[in-house]
Amino acid sequence: MSVANAAHSVVEPSAHARRFAGLLVILYAIITMIPLVWIVLTSFKSPDDAISYPPKILFKPSVEGYCNLFTTRSRQTPEFIQTLGQPRGLCDSIARSRNMVVAGPSNYVPRFVNSLIIAFGSTMLAVALGTLSAYGFSRFRVPLKDDLLFFILSTRMMPPIAVAIPIYLMYRTLGLSDTRLGMILLYTSVNVSLAVWLLKGFIDEIPREYEEAAMIDGYTRFQAFVKVVLPQATTGIAATAIFCLIFAWNEYAFAVLLTSGNAQTAPPFIPIIIGEGGQDWPAVAAGTTLFLVPIVVFTVLLRKHLLRGITFGAVRK
Amino acid sequence: MNDLSAPSITYRAVPVRPAVARRIRGLSDQALAWLFITPTIVLLLAINVFPLVWAIYLSFTNYRANRANAPTIWLGTDWYRSILTDPDIWAAMQVTAHFVIWTVLIETVLGFGLAFLIDKKFRGHGMWTTIILLPMMLSPAVVGNFWTFLYQPQIGLFNYVVAFVTGRDASSFQMLGDVTLSPWAIVIVDAWMWTPYVMLICLAGLRSIPDYIYEAAEVDRASNWRQFWSITLPMALPFIMLAVLFRGIENFKMFDMVNLLTGGGPGSTTEVASITLKRAAFESWRTGYSSAFAIILFVTVFGLANIYVKALNRVKNR
Amino acid sequence: MSRDANTSTLRRDLADRILRRGPLEAVATTIIAAGVVMLMQPFFLTLYSWSFAITLFGTVMFTIVSKVRE
């Protein structure tokens with residue numbers, strides 16, 4: 001990869017070096033995508049295709065995985081199935097071809113809804129609290145500022161299991177175990193640290209002169225915050241919100257330890273989707289696919305801010 | 001990142017008159033600062049600090065969460081002593097060390113390499129970078145769970161590809177069921193997932209090196225090799241350290257992916273510290289004992305977090 | 001006499017140079033790192049047993065030292 005051609009600027013790599021670098025990166029990208037592509041492919045396979053050897057790349061697409069994800073089925077004798085009328089819908093006819101009837105909806109939708117409620121609830125709370133604190137830290141002289149900021153960040157770095165033991169006891173006492181409110185509060189407390197650090201970075205970038213000018217025009221400090229700073233920080237707030245959303249959406253450790261049914265989110269549920277005789281891989285893949293699609297969309301939206309997000313706002317480019 | 005443009009605000013610079021000061025009504029700045037910051041601190045005190053203090057108390061007792069009504073006896077530092085002399089816990093720490101060292105090493109080498117290549121700015125590098133970044137945004141639990149399918153001995157894609165490349169039989173090895181292979185199975189998934197993280201931070205490091213330094217080196221006829229070792233690597237080092245520290249901390253407390261891939265098995269060959277802790281706390285219900293263990297892990301992470309924030313501040317000033 | 005004066009200035013110089021945030025933080029960082037290595041090394045059980053105390057000491061020291069003037 002040596003830049004032999006001295007005619008080029010040093011900073012500009014030669015065309016050869018560029019092409020070679022591109023080739024290697026694209027190769028890595030393709031390899032890294034294989035597991036994800038495989039998840040999507042598997043979700044459209046029939047159970048037999050999913051476990052065939054050698055693994056099938058070409059197959060007849062089927063929605064059985066998605067049907068099995070959303071329904072529970074019970075095995076019946078062919079004679080009994082004969083006595084039933086027309087199958088109700090596509091999933092029912094697929095089930096009947098396997099000597100089963102659809103018994104009812106599965107738990108996937110309620111778990112998915114739990115994930116949505118908990119993720120959005122905690123995100124809104126964390127961003128609201130985080131915006132206020134970030135503004136406070138950014139603009140005012142707060143005693144022990146660095147210590148408070150470190151304390152806020154350190155809460156995010158704690159091992160979830162270590163925190164889960166006392167939280168489990170506390171929630172049991174307060175009647176918050178396995179409730180959505182409990183999970184929202186917990187995720188808020190984890191996300192608020194990220195929100196404060198990220199938003200402080202964004203608000204630091206807004207010139208103080210804007211608020212000062214507004215205050216000279218007769219705004220109070222609070223009005224200046226609402227009418228001048230908040231509109232300026234919209235991009236930052238949106239990026240922060242998406243980061244919080246992704247964390248709450250993906251979180252597993254607290255969810256698996258502190259919820260069992262009522263407030264269980266999708267991540268602890270997807271691995272326990274079981275079919276007859278072991279894991280129903282097309283259904284697991286279908287659940288995984290539906291769960292991952294929003295994140296892929298968000299990642300693309302967020303790509304310019306990812307670096308900030310993963311370094312708590314310290315690295316900005 | 002200059003998309004925070006401000007077209008609508010066109011305040012004129014007005015000299016501050018004494019009358020203006022009186023017009024700034026309402027709360028003083030100091031009061032407002034506390035009003036803004038207190039809710040966050042209160043929430044963190046309630047959900048993080050209070051439970052932690054409680055855990056410190058419990059770590060000195062024989063409390064068991066499944067026998068809450070049994071009398072609680074003060075044990076002093078007994079649990080700490082027993083954990084810190086227990087060869088099994090020590091073994092779990094070594095399993096954790098194996099996991100941390102290899103994942104961080106692989107991720108740093110691959111991540112820096114990728115960043116170095118992407119920094120060559122080939123055509124379409126933006127799009128490919130976004131694609132490479134995808135795995136780290138996904139849920140480690142949900143994706144980790146799917147890897148158990150890829151690792152299936154007969155039907156899994158991973159085994160098939162390895163068999164295809166090496167000419168071995170696809171059912172002749174079990175990534176998750178084998179004592180020697182399973183520690184590597186979790187390393188592979190973690191490296192797959194988090195290499196992009198290191199790559200992204202290294203890329204920022206490489207891009208923070210000003211062009212004129214390379215130009216000066218070129219004037220001095222320093223070879224590319226020389227430039228890499230005396231400019232690129234040293235100047236990107238604070239960023240690499242940042243990534244290494246964060247991945248180190250994260251993998252030291254790794255739970256979700258390992259729990260779903262192997263659950264600590266076979267036997268205890270992949271039982272990292274978090275899994276041991278979870279077994280003690282939520283399966284054997286030895287709450288006092290596991291609280292002490294949690295505090296040990298907690299202090300370790302807290303210490304490392306101090307170093308991490310120091311590294312963060314060093315990078316911030318660049 | 002002169003030697004006395006010399007040592008006292010020397011001592012002050014030394015104190016000035018060492019009792020600063022930078023070097024003290026570096027020491028605390030090293031202690032924390034040593035504790036973490038001791039926790040996870042596979043060689044001596046004794047080192048493992050003392051790791052927690054070392055890490056705790058380093059962390060407390062780091063917290064105190066970060067208050068020392070620059």
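Tutor: Of the contacts in chain A with a separation of 6 or more, 72% are between residues 24 or more positions apart; two residues are in contact if their C-beta atoms, placed from the backbone, lie within 7 Å. The model is predicted: local features need pLDDT of at least 70 and side-chain atom pairs count only at pLDDT 80 or more, while totals for chains, interfaces and linings use all residues. Residues are numbered from 1 along each chain as its sequence is written, and chains are lettered from A and ligands numbered from 1 in the order in which they are written.

Chain A holds 16 helices and four strands (DSSP runs numbered from the N terminus, H or I of at least four residues for helices and E of at least two for strands). Its radius of gyration is 26 Å, well over the 20 Å that the globule rule gives for 317 residues, so chain A is more spread out than a compact globule. That radius is taken over C-alpha atoms, and the rule is 2.2 Å times the number of residues to the power 0.38. The C-alpha trace of chain A spans about 85 × 70 × 40 Å along its principal axes. Of the 317 residues in chain A, 49% are buried, where buried stands for 20 or more other C-beta atoms within 10 Å of a residue's own, with C-beta atoms placed from the backbone.

Chain A is divided into domain 1 (14–43), domain 2 (47–106) and domain 3 (109–311), with bounds from an automatic or database domain assignment. Between domain 1 and domain 3 of chain A, the C-alpha centres lie 31 Å apart. Contact here involves four residues of domain 1 of chain A and six residues of domain 3 of chain A. The domain 1 side of chain A that touches domain 3 of chain A has two nonpolar, two polar and no charged residues (Ala, Val, Leu, Ile, Met, Phe, Trp, Tyr, Cys and Pro count as nonpolar, Asp, Glu, Lys and Arg as charged, and the others, Gly among them, as polar).

Turning to the partner of chain A, 99 residues of chain A and 93 residues of chain B take part in the contact. On the side of chain B that touches chain A, helix α2 (residues 29–58) of chain B gives the largest share, 16 residues. That side of chain B has 66 nonpolar, 13 polar and 14 charged residues.

How values were computed
Buried ≥ 20, exposed ≤ 12 C-beta atoms within 10 Å, placed from the backbone.
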